[in-house]
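Have the structure open and follow along.

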Amino acid sequence: MDRESFIHLTKPAIAGSATASPLQVVICAQALFAILDHSLRRSPDQERVIGTLLGVRSEDGTEIEIRNCFAVGHNESQEQVEVDMDYHKQMYNLHLKANPKEVLVGWYATSPELNTFSALIQNFYASNGDGTYPHPAVHLTVSSNPGKDISCRTYISSSVGITPDRAADSCLFVPVPFEIKYAETERNALESLSLGRTSLDRQVNNIVDIQSLEVGIVELLDMINRAGNYVSQVIAGEATPSVAIGQSLLNTLNLAPKIDGMELEKLFNTHLQDVLLVSYLANTIQTQIDLSNKLATTTSIAAQPQKTDHKRQQRERD
Amino acid sequence: MADISPIKSVRVDALVALRIVKHATGVYPTTVYGSLLGMEVDGVLQITNAFPFPTSSEGDDSSSSALTPKNKGVIWYQNEMIKCLREVNIDANNVGWYQSTALGNFINSNFIENQAHYQSQMNERTVALVYDAMRSAQGGLALRAYRLTSQFITAYRENKFTLDALIKHKLTYKDILQELPLTLYNSHLATSLLHQLSIPPQPPSILPVSASSLLNPPTSSQPNFPLNVNFNALDLTIDPILEKSCDLLLESIDAHNTEANNMAYYQRALAREQTKIATWQTKRKAENAVRAAQKLPPLPEDEYTKLFKLPTEPSRLDSLLASRQIKQYAGQVDGFTATSSAKLFALNGGIPRF
């Protein structure tokens, strides 16, 4: 992810002021995908599209997690910008019904550019009443230009301007750091999805069980090879040795349990037998059910014999 | 019995997959429901968007926290949402619904009712996506697409699940659900994002100072883990899953047993009534013979329909569903043990002997 370097300083909390700036923005991968989807669906004459970000704010307001978003229609011309506020309100209410915990945290735009209109929209989202006040609104820009990296930026705003008139249509965007987070299960889904990233038609057959095991093992072998290569390079004097890496490699190797061969063989066999037994029983049950249903449909007195079969089966399982 | 489904396969957008995963894991282990949007192109159902159904508000006395797709409030919500989404160029066709499950325990009358509702009420081209949160935790993405078969729909419309009806429709427990092949699809932008997320982090220019700094790297230097590092599939703790599967399996065998007992009871009652009728008939015949000898008009012989009432045959639907559910579990256990025994063998070969 393209990152711009900047220094992020938090001003010390002033007693009485509730607008502590968020220190950290966390973006869920799902929200990013939704934004990109929206970007694909914009009409050809639209430079950028905008939408509302929903998420969770930590209790002290210093961390914001962007979990969800929805698109909001808007019109931009040389002179003016129109955002469908009624639509925003309606969608927000609908979203609140499904996810009462996810509240309004800010808005996104699909172009990295910040202009006067951005300031106007930002001030709406940060406003008192419908907006995020007293918390600051987060502005997320996701660039989606073809041929370039997708880059994200997050900003909060400070108001500038001396007169209230000026302050209403201008603001200072302050960049804030962010990170992209995936939950454990989301990671699994992303892994499956990313298998399709190298294929031409951008499709991937859904994998479960044995395929995902294969993928995992291939990755593991790859990592072991990398570590092995590094070690042999150090031995050959080609790479810079590091005590820390050596230590951690040694620690990892020490994790291998010291266990008696016979003992292990026994443990392994009993466990394997359990697994195989369960598998065998599952298959038997399947056959039994098949049989029971066939009998039930062919003869009308089939209910009696199959009943005892199940009893036996059950006793076996227990 | 040609079963021509209008849909050959299902193509799920990355966004939809992630939405379902997020929704299901957010409130795990509660079952969640949601709606799917998309369109059908040449037999391929493209699902491009999804949104969750609202959870029931407080004060609602329904036991389930999520409302099912048939609920009136949900239908209203769904229509409102689709109306809104249409304005931002999202495919505004409802193409089905999704549900989360734990280890495949989704086959019940509720699921059937919902999908039958979708498949008959709206249009024919709808699917149900089932996401298995518990299995996904073992690696991979356990997302599957199901439809009811046309035989089942015909039988369901008649609402008759007697033996005769089953034989007429050639319906067995295997023909209730049809699984459709499912592919995941990434848009160009999504592909680009996935590529970026998968770039392994650059090795730090400065070598680590101590072993502990390797284990707890400062967050700033390594902000994102690459996406492709995922070893959930190598997890060796298989017992809990197997145990849970067996529990569920036993449960559904019990359910099947109850149904079988009901059926047996019905058969016995039927047989008893039939013998009674037979004896009554022979008695009436004998009486009539006597009356004929005495030149009296014979008594009607079909009076038994008024005197005896045959027991009504219980619906076979529950038994069919229980059988299908057992098949689901058994298949699942089978697949799971295949992977775990492979893992066990790998482990056995890999541990050094002393």
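How many bridges pair strand E2 (residues 33-41) of chain B with strand E3 (residues 44-52) of chain B, and is the sense parallel or antiparallel? The two pair in the antiparallel sense, over eight bridges.

## Ground rules

This is a predicted model, where local features need pLDDT of at least 70 and side-chain atom pairs count only at pLDDT 80 or more, while totals for chains, interfaces and linings use all residues. Residues are numbered from 1 along each chain as its sequence is written, and chains are lettered from A and ligands numbered from 1 in the order in which they are written.

Helices (H or I, at least four residues) and strands (E, at least two) are DSSP runs, numbered from the N terminus. Two strands pair if DSSP finds at least two bridges between them.

## The sheet of chain A

Eight strands of chain A make an open sheet with mixed pairing, in the order E9-E8-E7-E6-E2-E3-E1-E10. E9 and strand E10 (178-181) of chain A are at the edges; each has a single partner strand, so one side of each has no neighbour in the sheet. Ignoring direction, neighbouring strands are turned by 35° against each other on average (angles run from 0 to 180 degrees between N-to-C directions, and axes are lines fitted to C-alpha atoms, for helices over the stretch in contact).

Start from the E9 end. E8(A) (residues 152-159) and E9(A) (residues 171-175) run antiparallel, joined by five bridges, and A:Ser159 has A:Cys171 as its bridge partner.

## Around E3 of chain A

Now look at E3(A). Eight of its 10 residues are buried, so the strand is largely enclosed by the rest of the structure; buried means that 20 or more other C-beta atoms lie within 10 Å of a residue's own, with 12 or fewer counting as exposed, anything in between as partly exposed, and C-beta atoms placed from the backbone. E3(A) runs parallel to E1(A), with four bridges between them, and A:Ile27 pairs with A:Ile66. With E2(A) the pairing is antiparallel, over eight bridges, and A:Val56 has A:Glu65 as its partner. The hairpin of E2(A) and E3(A) has five residues between the strands, and A:Gly61 takes a positive phi near 80° there.

Helix H1 (residues 29-40) of chain A touches E1, E2, E3, E6, E7 and E10 of chain A, and its direction makes about 25° with that of E3(A). Helix H2 (residues 85-98) of chain A lies across E2, E3 and E6 of chain A, at about 120° to E3(A).

Within chain B, B:Val41 of the opening pair stands opposite B:Val44 in E3(B).

## Where the chains meet

In total, 92 residues of chain A are in contact with 99 residues of chain B (contact means C-beta atoms, placed from the backbone, within 7 Å). The largest share of chain A's side, 16 residues, comes from helix H8 (residues 261-298) of chain A.

## Two helices of chain B

Chain B has 11 helices and eight strands. Helix H9 (residues 239-293) and helix H11 (residues 317-350) of chain B pack at about 155°, with axes 9 Å apart. H9(B) and H11(B) are therefore roughly antiparallel (over 145 degrees; under 35 is roughly parallel, 65 to 115 roughly perpendicular and the rest oblique).

Definitions and conventions:
Two residues are in contact if their C-beta atoms, placed from the backbone, lie within 7 Å.
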